[in-house]
Amino acid sequence: MRAVQFEAFGDPSVLKLVEAPTPSAGDGSALVRVMAASINPSDVKNVAGAMRQTRLPRIPGRDFAGVVEAGPTEWLGAEVWGTGDGGFTRDGSHAELIAVPVASLRRKPKNLGFDEAASVGVNYMAAWCGLEAASLRSGETVLLIGAGGGVGAAAAQIARRIGARVIGADRRSPRPDAPALAIAEKLIIAAEDLPAEVKAATRGKGADVVFDLVGGVMFRSAVNSLARGGRLTEIAATGQREVSFDLLDFYHNESRLFGVDTLQYDLTASAKVLEALTPGFESGDYRAAPIAEICPLSEAQTAYRKVAAGAAGRIVLRPQE
């Protein structure tokens, strides 16, 4: 089969289009013909050597959608989607075929095409797991720091479906089609004092949940935006790994802090989240991120470079082309 592979860490130039052995569908496994596979920033970081668990040589790629080609009879021909730990200790989705555990197979939403289904995975995984960790409930207020990004867009839609009030914050105005613009009751742009603006928008209370999609440089602002008994979820450490905050204020406020790492979710664990997300897509409450470009495997190097440069929208590979 054709696949994108890297044998050394580095920039996208280390990616090569190769003829790789067809993976086998052994006991408990299925073989999926990949119709579409998106490129995540974490895929780029993986190729660069940022993921210490990765073993070489490796086929990268976490998100995919395709058709089951081999495996249990009841799954043959099924249109499925997936995300998880592909590309780290097991070969990923940037290939014509991928072997996955049968337990991870989930039918993609009927109203999503392969390209759309392949662009959902990591962003919605992070959003769902982050809000679930904080136990966001209907009627609560959630502050999304980094609301204009891919995870922010997914989190805004999930929060709306839950019945929460959404406040968004970002350093710049989101794209005109960003869900945060339509969903957030208030959008705070480039705030000099984010906690003060959040308190003003909540009549002095603060946010019940803060989902900090930036982390690091925004951590103190995130902590100080919490309501009494508020919950903060962190998924990143942009700008600085070590942070400080007033511990006395933290425990007097009865605040709680959660960390979420989607790299800890393998294909099977991720499939449970995709299953939970499916009704939201089929009802129209959720939509996949805009697709900026579709490329064949032969253009993987260029596609990876565009993701590394911050492409506006998802870039999807079509391995069958």
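**A short walk through a predicted fold**

Helix α1 is followed by G49, whose phi is positive, near 100°; helices here are DSSP runs of H or I with at least four residues, strands are runs of E with at least two, and both are numbered from the N terminus. Before I go on, please keep in mind that this is a predicted model, in which local features need pLDDT of at least 70 and side-chain atom pairs count only at pLDDT 80 or more, while totals for chains, interfaces and linings use all residues. Residues are numbered from 1 along each chain as its sequence is written, and side-chain values use heavy atoms, with hydrogens and water left out.

Staying with α1, which spans residues 41-48, its buried residues are S42, D43, V44, N46 and V47, where buried means under 20% relative accessible area, exposed means over 50%, and partly exposed lies in between, with a 1.4 Å probe and protein chains only. The cover over those buried residues includes β3 (29-38) and α10 (300-308).

Let me turn to the sheet. Six strands, in the order β9-β8-β7-β10-β11-β12, form an open sheet with parallel pairing, and two strands count as paired if DSSP finds at least two bridges between them. At the edges are β9 (186-189) and β12 (256-259), each of which pairs on one side only. From one strand to the next, the twist averages 15°.

Helix α3 (residues 121-133) packs on this sheet, touching β7 (141-145), β10 (207-212), β11 (226-234) and β12, where contact means heavy atoms within 4.5 Å. The direction of α3 makes about 145° with that of β10; axes are lines fitted to C-alpha atoms, for helices over the stretch in contact, and angles run from 0 to 180 degrees between N-to-C directions.

Not counting residues up to four places away in sequence, R165 touches E140, T141, V142, E185, A201 and T202. A polar atom of the R165 side chain lies 2.9 Å from the backbone oxygen of A201.

Finally, the axes of α3 and helix α9 (residues 267-283) come within 10 Å and cross at roughly 90°. The two helices α3 and α9 are therefore roughly perpendicular to each other, a label given to angles of 65 to 115 degrees, whereas those under 35 count as roughly parallel, those over 145 as roughly antiparallel and the rest as oblique. On the α3 side the contact is made by Y124, M125, W128 and C129, and on the α9 side by S270, V273, A276, L277 and F281.

Terms used:
A polar contact is a pair of N or O atoms within 3.5 Å; within protein, one must be able to donate a hydrogen and the other to accept it, and residues adjacent in sequence count only if both atoms are side-chain atoms.
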